[in-house]
Structure formats: structure tokens, C-alpha cells
Amino acid sequence: MEYLLLKGKQQINGKIKINGAKNAAVAILPAALLTRGTVKIDNLPRITDIDILLKILKSLGATVSSTGERSISIDSSGVNSFRPPQSMVNKFRASYYFMGSLLGRFGQVEIPMPGGCNLGPRPIDQHIKGFTAMGADVELEHGIVKIKARKLKGTHIYLDVVSVGATINIMLAAACAEGKTVIENAAKEPEIVDVANFLNAMGAQVVGPGTDVIKIQGVTELGEAEHTVIPDRIEAGTFMIAAAATRGEVLVEEVIPKHLDAVIAKLKEVGSEIEVGPDWVRVKGNSRLLPTDVKTFPYPGFPTDLQAPMIVLLTQAKGTSFVTENVFEERFNHLSELRKMGAEIKLGGRTAIIEGGHELSGAPIKAMDLRGGAAFIIAGLVSRGETHLAGVEHIDRGYERIEERFKSLGVDIKRIQK
Ligand code: UD1
């Protein structure tokens, strides 16, 4: 058991280089199974979701070698199984990408229902709808999803909900399918574009990623490629919000500022000063924070993954703010812990109503999911007294050595083993 101990009333100041995007990397690694050759991936974040993914790749027969601090090569020529092990798959949500990639490789996959953060119901019906439309049979037996296709065939698929996972999974299955697949009402997240770029580097023919219509002309096989993962806009946004909440000044480097437009807009509304360069964003927190309204939406809307950090920030803005969650309606697990710290937040349906401007006080709290956990660090920093944060394993899934990162910004924070 590990926990984080952090002192309250601390500002973050300095500069920080952003790591590779978790949500792109967790799809790119399974996508590597679509080739029988070797691929090299750079700028991988060193987080536990990636550690587990690499173990799954090895267990399926891939040879994974480290080629640098953040780069690996994956030789998929020896991959001989379409059954990722249950014990590993249960640990994280993005294991669902093995559905698309193993289906594309073997025409068959057997995989337990994915685990991951509890953000309320997270069905995979749109993924299944896509595979079925392409000619696959799908069965659920004792918690194992069994998908099989004699021949995957391209077709038109209209997604009923805008889903990142379903869009990427269908792209993976379609890369080597017969004919053309068209995904309508596709998600537009930058991570989808990154995965499409990786597929295209291997020889796939994906056009339109980043728009709501993606067309994939199937090819007979994919080859070798090198790819660098894009910067993590959610990690960047977390530090930007932390700078605004603690009234510090942080230069966030090695980012694609365009991916942060929604966050930048909201931070300006709360009174932060923002300067944007070609690959950096500087955030200077204002001592008088202003309340605002936030609505989460699929990209380019405000990201649901930054909803919890944004709520913490708004507890510091004098007045009433409204935060509406439109992506995962029940993603409000963090509110109970924030109330323990003195936050005045009511929940009305999918809208959190925050009466901001009251001082929070440090408390023993527990992270219950990845992004909520990161938000609690920000809450600890703005509070009076010490915060003892358990459930660090959730944070480690998506943030690389989070305490080191905050320490580098001048914060007194320790990871303690019990
Ligand atoms: C991905 C991200 C997660 C982010 C989320 C929304 C990864 C590994 N995770 O999750 O960090 O919070 O996008 O930006 O990239 N839905 C269905 N049926 C489906 C699929 C989704 O109803 O088959 C619903 C979900 O319940 C949710 C909405 O669609 O309400 C969006 O979910 P989706 O975009 O699929 O999220 P994930 O891919 O799980």
C-alpha cells in the first residue's frame, strides 16, 4: 500500500515537459499486432497501463525490446494467440483494443470484458455493432467476449454515440478487411488521428481521422513502421489547471496547443493569464479566481477527463459555478471526497453546482479513479493542512511518477509505503 502525503497551501511554479499520450499509446501498442513485422514506438509514457499492455503483448508471443528510455520495438512475427490473459485484461479499460487488432490479425479473438476506471456504465455495444456489421459473430460466454469472422468485410457503420474506443477499434479491424469501411459519427479526438497516422505508417489507408467520417480502404497486409506518440493533452491540462488553482505560474512544454483550446478558453474565463507558443503554453494563475460554467463534450469540447480537476479549481472561485458532465453521466465519484475536504458541491442530475470561495482543509482521502485522483492532488495543494491520499495505484495508471512531477514544480509531496 502506498499513499501520497502533501502539504497544503502550496503553489506550483516552473516548467514541465509533457509525456506521450496515454490514450494514444494504449491503442497503438495493440495495433502493432496487425503487422507481422517490427515497429518502433517512441515517446511512450512510463505508466502502469503501458507496463500491463507490454506484458499482454509478450504473453501473446510478441518480442518486445526496449530501444531507449521511452522507446520500444515490437516484433509481432511470433504472435500465436488470440486470447489475452484474463488476469491482465481485467486491470484496464483499453484492453478492448485487442478486440479490433486480434480480430484483424486472426479473424478471431476471445477476451474478458474490459475493466478500468469506474465512471458509471461503460458499454461496448458500439464496438460490437461495428464488428458485427463487418461480418463477425459475437458471443458473450461466462464473461468472455468471443468474436469470430470468416472474412471481415468493409461496410458503412453509423455510431449511435460518439465513442473514442469504438472509432479506434473499428479502424483496427478495418485496416486489413476486404473493401472499404466508412465510420460515420466518428469521434474526433487527437488520439484517434495519432492511431490512424500509425496505421498509415504501416501501410494502411485511413482517411478523414479528426473528422466525423473516417474511411478505411482495407489492404492485404501491413508492414514495418516507426512512430512517435503525440503529447498527452490531459496530462498537460492537469498541470495547467493546477497552476491556475494554486495561483502559480507554469510553462507547459512539448504540447500541441491546438489540442488544449477548450482548456485554455476555460482558464481564461476564470481569470488566468495564458500565453501560447508553437509547442508550449504558459499559465499564470490570478489571485482572484472567477466562477464559470463548464460542459464536457467529445473533442473539441471540454474533455471529461479534466472535469474533476476543473471542479477542484472552481471550488476556489468565489461564486457559483456549474459543471455538466455529458460524456459519462455518473462520473462524479470524486465529489464525496471533495466534500470531506470542505467543498460545497451539490449534484443535480448530471450537473455539479459548486459554491466556490471557501477554504478547503486537508483530509485523509482516497482516489477511486485515475483523473479523480489527480484532481485530489490539486485539492490537497489548495487546502489548509496536510492531505493523505490513498489509491495512488489509480493515478499511476495514467500519470508518470506524479509526485516527482509535482516536486519538480516546487511542491512538498512524498510517496510513502505503508
Ligand atoms: C476514452 C478514453 C477516456 C475518455 C473517454 C471520453 C481511452 C483508453 N479512454 O474512453 O479517457 O474519458 O474516451 O473522452 O482512450 N459508449 C456507449 N457504447 C459504446 C462505447 C461508448 O454507449 O460501445 C458511451 C460511453 O458509455 C460514454 C460515451 O459513449 O458515455 C463515450 O465513451 P467512449 O468515447 O467510448 O470512451 P472510452 O473509449 O471508454
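How far from an oxygen atom of the ligand does a polar side-chain atom of arginine 93 lie?

Modeller: Happy to! This is a predicted model, with local features needing pLDDT of at least 70 and side-chain atom pairs pLDDT 80 or more, while totals for chains, interfaces and linings use all residues. Numbering runs from 1 along each chain as its sequence is written, and side-chain values use heavy atoms, without hydrogens or water.

For arginine 93, the distance from that polar side-chain atom to a ligand oxygen is 3.4 Å, a polar contact (N or O atoms within 3.5 Å). Arginine 331 also places a polar side-chain atom 3.4 Å from an oxygen atom of the ligand. For aspartate 305, the corresponding distance to a ligand oxygen is 2.6 Å. On its own the ligand has 740 Å² of accessible area (Shrake-Rupley, 1.4 Å probe), and the protein covers 88% of those 740 Å². Around the ligand sit 22 residues, counted when a heavy atom lies within 4 Å. The closest are Tyr96, Gln126, Ser163, Asp305 and Val327.

Turning to a pair of helices, α6 spans residues 164-174 and α7 residues 190-201 (DSSP H or I runs of at least four residues). Their axes lie 10 Å apart, at an angle of about 10 degrees. The two are therefore roughly parallel (under 35 degrees). In their contact (heavy atoms within 4.5 Å), Val164, Thr167, Ile168, Met171 and Leu172 of α6 meet Ile192, Val195, Ala196 and Leu199 of α7.

Technical notes:
Polar contact = N/O pair within 3.5 Å; in protein donor to acceptor, adjacent residues only side chain to side chain. Axes fitted to C-alpha atoms, helices over the stretch in contact; angles between N-to-C directions. Parallel < 35°, antiparallel > 145°, perpendicular 65-115°, else oblique.
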